[in-house]
Every structure is written in structure tokens, then in C-alpha cells.
Amino acid sequence: MSGLPARRLVSFVGLQGLAAVVPLLVLPAINAIVGAQGWVALSIGYGVGTAAAVVSAYSWPVLGPHRVAGADPGAAAWVYWESLITRCAAWLVAAVAGALAAALLVEGSHRVLAVSMAVAITSWGMTPSWFFVGRGDARSVARYETIPRLISSAAAIPLISMTGQPLIYPVLVLAASVGSLMAATRRIMKAARASERPAVPWRAGLADHASLTAAGLIGTGYTSLVLPVARSVHPGTLELSNLAAATRIRSMAQMGTAAVTTGLQGWVSEGESDAVKRAHRRRALATTSAIGVITALVLALVLPFVGHWLFGDVSDISWGLSVATATACIPYAMASSLSFHVLAPLGRSRVISTSRIAATVVGVPAIAMGAGLDGAVGALIGTALAECVVVFWQLWSVWSYLFSPHPRGRHHAL
């Protein structure tokens, strides 16, 4: 059995680390201008945009990498073209829906900022990175996702400070997404010119994409839409600001987990036998879970200090909120590995979908109830509970496949 692909992991972790740091540096420049209410509005737009980006991506980051991992360049390019058609249509719908949702959730002078942020973040679902992840090409992920996002964030800092216009940030985010998409598509499709387009209809398999996307969108109720859900019980501007700050820092901290998940996505399907692939998937689950534990421990210790440095008087993150925020990192890591490293390669997208729906059924009421009883801390305890539902549901479905000496039946079936 081969060891973990260390070079691939280091490449993806390094890229995600850079992508996590620079956007955080933009926040003080924005918060100095918009204040606590503007920060809450911006965060609502960000959350709505992240939810809408699930629609834009149309589940290609989950189901796409293993389709291009072992294909020749021409065939892989046509798979990418298939994704581009479906994602462009989904993006148009998602951008309009996201803008309307942000406009309804935010009132007053910060509505335009929230709408702009929602539309800009929706474009992140169009990233071509899933293709390069499947091909094991970390350099192209840097070229067409990480570097453009870094440039847009870095350029926003002086421009916002000089002009006092926070709208510059979402404009630059959208421009970076569109520009990198066009450049990546031009490069990828060069390989298609020397390859005949497959006879398989482009609609084949889209039912799995549609069902998984719908479930993913429902699942945003306990992930990216935590702030709007908590806002529905009116816990107060300060509690909402604390919740927005804590969830934003946690999402950045979890980029390490996301990087490891991404780095192992192609590796888990490599191997000459089912036994080797199964061993890869067990090791990927253990590694990603360990990263989740480390992330949780570090986040619990540093979150109050990082929150004060980034947000100043806009928020006040207590130690209780720090621990509640960090707790969700562990089940998040386990669920990420189970979804991307085990269930997706096995063609078990229905399990991914049902687990997210179940988590939403439990999580959304828990978040609302928790926010009403204990503000930001209660809301994040509800989030952690929802993540645990995903883990238990998914792990039960593949326990026999992963850990039985002779897996059989539906757990082993593709």
C-alpha cells in the first residue's frame, strides 16, 4: 500500500493557507468604514452567496474529480465542457436568487453592499479547480483560483482605505472569478480540439448532480446560512456580529481541512485493486479527522485574540464562543472525508444528500433555538450538532465497506 501523497498535500495546504490569510486582512479595512451593522450585512451577503455558490457549482467539485482523474486530456476536457454548460445555467439562476435573498434579509443603507457580496461570492461556484484537483495539478489551482483571489483581496485593502468604498471588494472578487474562469477554460479546451467529443449525451448523469445540489443547498441552512437563521430570532446586533466574526474565522481555519480533503481526492481512487483503494480511503479518513482535531484545538486557543485583532470593537469573542466555534471543526473534517473520499468515489451520492437533509432538519431548529437562548454560543452549538448528524449518518452507511474484513452487500456496492 502506498503512503500518503506528501508532495500533493503540501502543495494544496500551502495554497489554501495563502487563500485563507489575505481575505482576513481585508476585513479590518471594511469594518473601519461600515461598523457593526455593516459588518453583519456584509456577512449575510457572504453567507447567502456561499449558499448560492452551491447551486453554481452544481456538485461538480464532488462528482467531477474522479471522472477526470484517469481520463486522457481530450476526454477530460470534454467532461469539463459538460460541467461548464451546466454550471453557467446554474450560475445565472443562483446569482439572481442570491441577490434577491440578500436584498430581503438586509435593510437600510447596507443593502447594496450585501447584495453585491452575495452576487460576487456566487461566482466562486464557477471555479475550475475541481478539474485540476482531479488531474492532481496543484499549480493550476494556484494559477486559476488562489492567485486571482489573493490579488483581488490584496488590491482591495489599499483601494478601500483610500476611497472609503467597501463595494470595491465584491467588485474585485467578481472580476477575479470571471477572469480566471475564462483563462482556465481557454487552456483546458485546447486538448478537446484533438479529441472527438464523446457520444454520451451531456445530460447523462445530471440527475445525481441535481439531487446532490438540492441537498447541498438545503444543507446550507446549518452552514453558510447560520447568520440569517440566527437573525430570525433577533438576538441583537452584538450577538450577530460575534456570530459572524466567529463563523468567518472558523471557515478560514477549516481551509486546512479543505486542503487536505482536496489533496487526497484523486489519491483515494488510485490503486490496482479494490483493497488498495479501500486502504487509501481509510487512511484519508484518519488523516483528515486528525487535521480537524488539530484545527479545533488551535482555534479554541487563539480565536478570542484573532477576533480582537481583526474586528476590534465590532465584536467580542468570549472563551465560551471560542470553544463552541471550534467544536464543529471535528465533525466537519470527518464528514468532508466521508463525502469526498469514500461516498463520492463509490457513487453513493444519495447518502451524501440524505445526510445533509437530515442535518438541516435537526440543525436549523437547533440553531434558531440556541440563538434565542444563548446568542452566538447557542447558534454554534446547533451547528456542531448538525455536523455530527452528517457524520453518524454517513459513517453508518459505509462502516462495513471501510472496516469489515470482507465487505459485501449494499455497503460495498458501487
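**Spaces and helix packing**

By class, the lining of the second largest cavity comes out as 7 nonpolar, 4 polar and 2 charged residues (nonpolar covers Ala, Val, Leu, Ile, Met, Phe, Trp, Tyr, Cys and Pro; charged covers Asp, Glu, Lys and Arg; the others, Gly among them, are polar). The model is a predicted one, where local features need pLDDT of at least 70 and side-chain atom pairs count only at pLDDT 80 or more, while totals for chains, interfaces and linings use all residues. Residues are numbered from 1 along each chain as its sequence is written, and side-chain values use heavy atoms, with hydrogens and water left out.

That cavity is one of 4 cavities of 30 Å³ or more in the structure. On a 1 Å grid over the protein atoms alone, a cavity is a set of points where a 1.4 Å probe fits but cannot get out; a pocket is an open set with protein on both sides within 12 Å along at least five of seven lines, and lining residues have an atom within 4 Å of a point. Points are joined across faces, edges and corners, and a volume is the space filled by probe spheres set on them. The second largest cavity holds about 80 Å³ of space. Its lining has 13 residues, and Thr127, Tyr144, Arg149, Ser177 and Ser180 are the closest to the centre.

Now for the open space. The largest pocket has a volume of about 290 Å³. Of the 14 residues lining this pocket, Gln37, Val40, Arg231, Thr237 and Leu240 sit nearest its centre. Helix 1 (6–57) and helix 11 each bring at least two residues to the lining, and helix 1 gives the most, with 4. Sorted by class, the pocket lining has 7 nonpolar, 5 polar and 2 charged residues.

Helix 11 (residues 237–253) also packs against helix 16 (residues 349–403), at an angle of about 40° and with the axes 8 Å apart (axes are lines fitted to C-alpha atoms over the stretch in contact, and angles run from 0 to 180 degrees between N-to-C directions). The two helices are therefore oblique to each other: under 35 degrees counts as roughly parallel, over 145 as roughly antiparallel, 65 to 115 as roughly perpendicular, and the rest as oblique. In helix 11, residues including Leu243, Ala246 and Arg250 meet residues of helix 16, among them Asp374, Ala379 and Thr383 (contact means heavy atoms within 4.5 Å). This contact has 5 nonpolar, 4 polar and 3 charged residues.

Helix 13 (residues 274–311) and helix 15 (residues 329–343) pack at about 155°, with their axes 8 Å apart. So helix 13 runs roughly antiparallel to helix 15. Among the residues that meet here are Leu285, Val293 and Leu299 in helix 13 and Ile330, Met334 and Val342 in helix 15. The contact has 11 nonpolar, 6 polar and 1 charged residues.

Ser116, Met117, Val119, Ala120 and Ile121 of helix 5 touch Tyr169, Pro170, Val173 and Leu174 of helix 8.
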